Amino acid sequence: MSERPFNFSAGPAALPEEVLNQVREELLDYRGSGMSVMEMSHRSPEFIEIAEAAEADLRALLGAPDDYRLLFLQGGATTQFAAVPLNLIDGKAVADYVETGSWSTKAIKEAGRYCNVNVAATSAAEGFNQIPPFDAWRLDSAAAYLHICGNETIGGVQFHSYPDCGVPLVADLSSELLSRPIDVTQFGLIYAGAQKNIGPAGLTLVIVHEDLLGRAAAHTPAMLDYAVQAKAGSMSNTPPTFAWYVAGLVFKWLRSLGGLAGIAARNEAKAGRLYDAVDTSNFYHSPVVEADRSLMNVPFTLADPRLDAAFLEGAKARGLTNLKGHRSVGGMRASLYNAVPEAAVTALVDYMNDFERESA
């Protein structure tokens, strides 16, 4: 067992120990300022430097062109369920949404308050265990945009390629952003809550093409208007300064590991090892269609669900925490975000093998 337990939480999730140690060192006195970042004015030179460095590092990691604006906002990704249609419907009557699990379902419900939603495809009948095949999608030619959830945290399904749909592609990438390289130019807008791969809860990233700014409906609250936030440098009000600072440290940590290509190789190895353990066993089972399995969230079940409680108790005793599946689906779920080390997966697989052998 490591000095700290291995944390498989789906979010808020593990942060890199190197980042946590730096936060601890700077907590009471940020670089000779005599104060914590938590106490610092967001207008101060010290914080402006933090904010600008974080934005520059994020842009470098993503390879985001200059015509994309990077916003550091509050409210969580769920707030963006409303902000997206308010900003992008642009006088049109309908938006296309693809339903692949719990989070896209919630996005559809919220968007329906502001526009007509065309559910272009859904895997509800299959229990949300797959991505609907692209050739089965029924897009509306009058749609203002197409919305997807790139990775469904609860169900463990993930897009491994993205459609070219002829309208702005909008993606909730909360549980996968910065876990692998993506081509930002495929998207009109990306949003992501921070508490998976980015930083502490309280910060939400929005990456939006500048052509989509200035289209907000007249009744859009100013704090949800992307153009207002972009003009103010994400500081229309006091931003989540401490979360922004920690995210900036995470960005530097990722760059030190070789950027998104480097972290992607680690994440693929971690997920591959765990899926192999599940697939080569008759005791464990993955409910997700293999081609659409998530690299970030790995749900699995035991052959006998009566053993679930014993499995979780034994895991905790070995320093393997937060493995219980979401209450809506049950079973187990191991979230393998960037900061979860390879040693954690090794320890989990070893435990799974031992538990199977002892339960036989």
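## Salt bridges and a helix pair in a predicted model

Asp304 forms a salt bridge with Arg306, and their closest N and O atoms are 3.0 Å apart; a salt bridge here is a side-chain nitrogen of Lys or Arg within 4 Å of a carboxyl oxygen of Asp or Glu. The structure is a predicted model, in which local features need pLDDT of at least 70 and side-chain atom pairs count only at pLDDT 80 or more, while totals for chains, interfaces and linings use all residues. Residues are numbered from 1 along each chain as its sequence is written, and side-chain values use heavy atoms, with hydrogens and water left out.

Asp304 counts as partly exposed at 21% relative accessibility, whereas Arg306, at 73%, counts as exposed. In these terms, buried means under 20% relative accessible area, exposed means over 50%, and partly exposed lies in between (1.4 Å probe, protein chains only).

Side chains of opposite charge can pair when their charged atoms come close. A search of the whole structure finds 11 salt bridges; the table lists some of them.

| Salt bridge | Closest N and O atoms |
|---|---|
| Arg293 and Asp279 | 2.8 Å |
| Asp304 and Arg306 | 3.0 Å |
| Asp354 and Arg357 | 2.3 Å |

Arg293 lies in the loop between strand S11 (284–285) and strand S12 (297–302), and Asp279 in helix H7, so this pair ties together parts that are 14 residues apart in sequence. Helices (H or I, at least four residues) and strands (E, at least two) are DSSP runs, numbered from the N terminus. Arg293 is buried at 10% relative accessibility, and Asp279 is partly exposed at 42%.

Asp354 and Arg357 are 3 residues apart in helix H9 (residues 342–359), which means that about one helical turn separates them. Asp354 is buried, with a relative accessible area of 19%, while Arg357 is exposed at 55%. Elsewhere, salt bridges that share partners join Asp57, Lys252 and Arg255 into one network.

Arg255 also takes part in the contact between helices H6 and H7. The axes of H6 (residues 241–256) and H7 (residues 259–279) come within 7 Å and cross at roughly 80 degrees; these axes are lines fitted to C-alpha atoms over the stretch in contact, with angles from 0 to 180 degrees between N-to-C directions. The two helices are therefore roughly perpendicular to each other, a term that covers angles of 65 to 115 degrees. Trp253, Leu254 and Arg255 in H6 meet Gly259, Ile263 and Arg266 in H7, where contact means heavy atoms within 4.5 Å. The residues of this contact divide into 3 nonpolar, 1 polar and 2 charged; Trp, Leu and Ile count as nonpolar, Arg as charged and Gly as polar.

Conventions. Angles under 35 degrees count as roughly parallel, over 145 as roughly antiparallel, 65 to 115 as roughly perpendicular and the rest as oblique.
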